[in-house]
Amino acid sequence: MGAFKQPHGGELKDLYLPEHLADEVKQHASEYPSWDLTPRQLCDLDLLLNGAFSPLEGFLGKADYKKVCDDMRLESRVLWPIPITLDVSEAFAEGIAAGTTIALRDAEGVLIATMDVSDVWTPDKQSEAKRVFGTTDDTHPGVDYLLHRAEPVYLGGRVHGVEPPTFYDFKLLRDTPSELRGRFRKLGWRKVVAFQTRNPLHRAHQELTFRAAREVDANLLIHPVVGMTRPGDIDHFTRVRCYEHVLEEYPEQTTTLSLLNLAMRMAGPREALWHAIIRKNYGCTHLIVGRDHANPGNDRNGEPFYGPYDAQELFRQHERELDITMVPFKEVVYVENKAEYLAADETEPGDKVLNLSGAEFRRRLREDLEIPEWFSFPKVIDELRRAHPPKYQQGFTVFFTGLSGSGKSTIANALMVKLLEDGSRPVTLLDGDIVRKNLSSELTFSKEHRDLNIQRIGFVANEITKNRGIAICAPIAPYTHTRRLVRKMISEHGGFIEVFVATPLEVCEARDRKGLYAKARAGILKGFTGIDDPYEEPVNAEIVLDTQELSPDLAAHRVLITLEKLGYLR
Ligand code: PPS
């Protein structure tokens, strides 16, 4: 069957050991040095073992790595644009040399594969970034990962699969290359055009993919990435539910959906070639390549890293060798007066073309505004709205900070009661003293322990915020750096409102409800905030309260009004 000819003239690799050998390896695995795979390495290993990365047989050795970085080729001259490397810590690499067998385990310690190490080396990551991504600017997510998250030493070598990684979600939608080829064969699909995506599909995508398939007289594979995509992308659970809805919109028997456990690098043109090789391995004959394929976003000066059609250009240069045909993405637009989608170059003068940018779509989701029916499918919009509720349904954290005796706890308590009265969400109060008695009972007031205390409070508040509740925190939190860390963590999942209770030290000391200031002045209590330990005043708090002017009731009311203004309460 010509359509399923192997790329590079090679066989589709299946690197799993036969069952009896796998059992034997399992019995001896405790003898091997063991490496716990990172989420990205687990994705890479999954696709190495199941043949999606054919013709690779393991993580790249040094010579292949160098050639891939320099020329997009393996030593064998076969086209391979992205270095698939196993990065490990210096401590782990210390005992490893060529000839060592290591065990590769998932986060739960399950043995996924062994690797016969052939190479151990310390790469020049700046040079790798420049050669593979064309930049060392770490606003590029691939560069950021390489420079700041990947470990410093690379190991190369052949891998032997013992047990496929376990997935608990969407099992029926996950296929190995041979399973998908089998499905195509069974269905009699001789030509298959793949659509790569990391975003939800809307009507325009449905139109363009269907047109692409019709144009080349092929069936269609929606092949979204569910491994690792660009940071900030919509989670794959939500996306897959959306894809399942969109699938219903294609004529029956024309289109299928399968999930790809790929860890993307966002390498633009090089990544497009990689996607093509992978799709070829999955039995596809065509790949749709659009504008800005595998786009990493803009650099630190706001300029794009790659030209919009660089990926198409590079694909074209290697199309014959890749043995998979590119279907260049044609922009489709909605023409209101004809009530249909047309290719942008098919519109006529006088046509009213409607447009809704991605940014505008997200704004409307965020602000609970209408999204027109022509733009997307009602079921898709429902899914996205459920995953991205408007602010008044999102969780948030109100983070009070201020000196001991400044009035944080009293205002925090008043705020809690008012929010409970409002009743829109569950409320949890993480007051300084309460946390110190429970969550942080073993901690002292050293800098290190105060940081740990705030990080713990931040962790709990983040979990509450993520799950759409309200967390009210009221520790002293004297250090800017730690408050900033907590803000950053929580802001990714909901609201973060910092309230600086700016009661001056003299007033707190004059109140001295617990008698601690007197003890601190007398030198009985050491390292007391404001006396002989610093309090770094916030400069960017959303709210500053002066308790000399405001009663606790009014202070809590001011917080409520700010929450309303920010959209978190109705
Ligand atoms: S921190 O710095 O954020 O970890 O502090 P926190 O967990 O909020 O705990 C502050 C309460 O502990 C009492 N206390 C001290 N505070 C500051 N410095 C020292 N050395 C100290 N020792 C005990 C104090 O009563 C604080 O309570 P509040 O409610 O802030 O007055």
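**Ligand contacts**

I started with Ser404, where a polar side-chain atom lies 2.7 Å from an oxygen atom of the ligand. I keep in mind that this is a predicted model. Next I looked up the nitrogen atoms of the ligand. A polar backbone atom of Gly527 is 2.9 Å from a ligand nitrogen, and a polar backbone atom of Thr529 is 3.4 Å from a ligand nitrogen. So far, then, I have a side-chain atom from Ser404 and backbone atoms from Gly527 and Thr529.

I then checked how well the ligand is covered. Taken alone, the ligand exposes 620 Å², and the protein buries 92% of that area.

**The shell around the ligand**

How many residues surround the ligand? I found 21. The closest are Ser404, Arg436, Arg450, Asn453 and Ile476, and Ser404 is the residue I began with, at 2.7 Å from a ligand oxygen. By type, the shell holds 8 nonpolar, 7 polar and 6 charged residues.

**The pocket**

Which pocket holds the ligand? I see the ligand sitting in the second largest pocket. I also asked which elements give two or more residues to the shell around the ligand, and they are helix H14 (408–422), helix H15 (432–437) and helix H16 (447–466).

The second largest pocket has about 700 Å³ of space. I noted 30 residues in its lining, and those nearest the pocket centre are Ser404, Lys408, Asp433, Ile476 and Lys514. The elements that give this lining two or more residues are H14, H15 and H16, together with helix H19 (516–521). The lining divides into 11 nonpolar, 10 polar and 9 charged residues.

**Cavities**

I searched the whole structure for cavities of 30 Å³ or more and got 5. The largest cavity has a volume of about 90 Å³. What lines the largest cavity? I wrote down Thr480, Arg483, Arg484, Arg487, Glu498, Pro538, Val539 and Asn540. Helix H17 (residues 480–491) gives the largest share of this lining, with 4 residues. By type, the lining has 2 nonpolar, 2 polar and 4 charged residues.

I finished with two spots in the backbone. As a reminder to myself, most residues other than glycine have a negative phi, and most peptide bonds are trans.

Is the peptide bond from Ser54 to Pro55 cis or trans? I found it to be cis, with omega near 15°. Pro55 is in the loop between helix H2 (39–49) and strand E2 (58–59).

My other stop was Gln253, which has a positive phi of about 70° although it is not a glycine. I located Gln253 in the loop between helix H9 (236–247) and strand E9 (255–257).

Notes:
Residues numbered from 1 in each chain as written. Predicted model: local features only at pLDDT ≥ 70, side-chain atom pairs only at ≥ 80, totals over all residues. Heavy atoms only, no water. Near = heavy atom within 4 Å. Polar contact = N/O pair within 3.5 Å; in protein donor to acceptor, adjacent residues only side chain to side chain. Areas by Shrake-Rupley, 256 points an atom, 1.4 Å probe, with all protein chains shown as cover. 1 Å grid on protein atoms, 1.4 Å probe; cavity = no way out; pocket = protein on both sides within 12 Å on 5 of 7 lines; lining within 4 Å. Sits in = over half its atoms within 2 Å of the grid points. Nonpolar A, V, L, I, M, F, W, Y, C, P; charged D, E, K, R; others polar. Points joined across faces, edges and corners; volume = space filled by probe spheres on them.
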